[in-house]
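Hello,

As promised, I am passing this structure on to you. Please open it alongside this email and read the two together.

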Amino acid sequence: MRRPSPLPPSSRPAGGQDGAGASGKRRAPAEQDAGNGADVASPDSTQTQPVEELWHQRGRDYGIAPIIPFDPPARAESTTPPDAADADSADRPLTARDLWGAARARRRALRREVRRFTARQRRRRRIWMVSAGVLVALVLGSIGAAYSPLFAVERITIVGTAQLDAAAVETALAGQLGTPMPLVDESAVKAALVSFPLVESYSLEARPPHELVVRIVERTPVGAVQGEAGYTLVDAAGVALSTTPEPPAGQPLLEVEGGLSSSTFAAAGQVFRSLPDSLRSQVTVLSATTPNDVTLTLADGRSVVWGGPSDSGKKVQALEALMNARADASGYDVSSPQAAVVR
């Protein structure tokens, strides 16, 4: 915006031309104003008018709002005049107290600015801390509840037993009753189940709030071995399950060279466990001289040359087909399932 001139605009004669009028004489400014009926001050009074008034008058002519001077707020009243106080503060030397007060005021101002600019960050940090606190409280509460008597073992369930007495196993594990679920002693459970030879493997399952499930996999006996003490029932790993003076019912007699720890016995055990239940119940004698010379003797007197434990699935299919086709045969040889032989 162009700054207006501080001087008012010059007045022109009413006649439209300088020095020309109806009478040919120039009218004085006072006479012109008097003819118009306006009371205007003389040029001398206009020249003596203050510059501020002229400036505001010029601003009103251009439609500019007048500038209002800024008056600072009044200070608190003091018993000492301002000039005297300023003079005293200017004259007296600075002390350590003044420096310390100025430094403290500066630190306070810096802290206020830091708090203002870090308000959002502090709010996020507060939310994270509250969330973490709630999570920690939940975890600690859950752990505390799990290790408390609220989740103690009150019932033991035995699953998977067929030959084993489940009640005897529950009695052996009764020492775990009243123990919180996470504090169940697995070594004590193992020591209690070792006394049962029929247990091949086991697993523990906690069912809150008060049930402990013990899943047992029993050993599968493959036959009985005749010895001085009688007939000992063993599984495929050669573990003795029981000893009786008479041959156990429903179990074949094992005639294996090399003993229970030989590879021949391991091959005979694998062959017996690969048989289907319908064929396994017919075997009365399981004999082998080498790992690849396993022979089965059935209850009706027929024999089956099985060979080694490999391709047992194909050998079972070939044997079932031969037995259905030639039921009157005295023996079968399925050691090579692609070329089975009927005797």
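Below is what turned up, grouped by region. Please keep in mind that this is a predicted model.

**The three-stranded sheet**

Let's begin with an open sheet of 3 strands, whose order is β1-β3-β2 and whose pairing is mixed. At the edges sit β1 (155–159) and β2 (199–207), each of which pairs on one side only. From one strand to the next, the twist averages 20°. Strand β3 (residues 211–218) runs parallel to β1, and 5 bridges join the two. If you want a pair to click on, Ile156 has Leu212 in β3 as its bridge partner. As background, strands of a sheet pair through backbone hydrogen bonds, in either a parallel or an antiparallel way.

A helix belongs to this picture too: α8 (residues 186–193) lies across β2 and β3, and runs at about 140° to β2.

**The second largest pocket**

Both α8 and β2 come back here, as the elements that give two or more residues to the lining of the second largest pocket. The largest share of that lining is from β2, with 4 residues. The volume of this pocket is about 160 Å³. Its lining includes Lys190, Leu193, Phe196, Glu200, Tyr202 and Arg219. Val239 is also one of the lining residues.

**Backbone details to check**

Two spots may interest you if you plan to look at torsions. Most residues other than glycine have a negative phi, and most peptide bonds are trans. Pro208 and Pro209, however, are joined by a cis peptide bond, with omega at about 10°. Pro209 is found in the loop between β2 and β3. The other spot is Asp311, a residue other than glycine with a positive phi, near 55°. Asp311 lies in the loop between β10 (303–307) and α11 (312–325).

**Rings and charges**

How many aromatic pairs does the structure hold? The count is 0. There is a charge over a ring, though: Arg280 lies over the face of Phe272, at 5.5 Å from the ring centre.

Do write back with any questions once you have had a look.

Best wishes

Methods
Residues are numbered from 1 along each chain as its sequence is written. This is a predicted model: local features need pLDDT of at least 70, side-chain atom pairs count only at pLDDT 80 or more; totals for chains, interfaces and linings use all residues. Side-chain values use heavy atoms; hydrogens and water are left out. Rings of Phe, Tyr and Trp (its six-membered ring) pair if their centres lie within 6.5 Å; planes under 30 degrees apart count as stacked, over 60 as edge-to-face and the rest as tilted. A charge sits over a ring if NZ of Lys or CZ of Arg is within 6 Å of the ring centre and within 35 degrees of the ring normal. Two strands pair if DSSP finds at least two bridges between them. Axes are lines fitted to C-alpha atoms, for helices over the stretch in contact, and angles run from 0 to 180 degrees between N-to-C directions. Contact means heavy atoms within 4.5 Å. On a 1 Å grid over the protein atoms alone, a cavity is a set of points where a 1.4 Å probe fits but cannot get out, and a pocket is an open set with protein on both sides within 12 Å along at least five of seven lines; lining residues have an atom within 4 Å of a point. Grid points are joined across faces, edges and corners, and a volume is the space filled by probe spheres set on the points.
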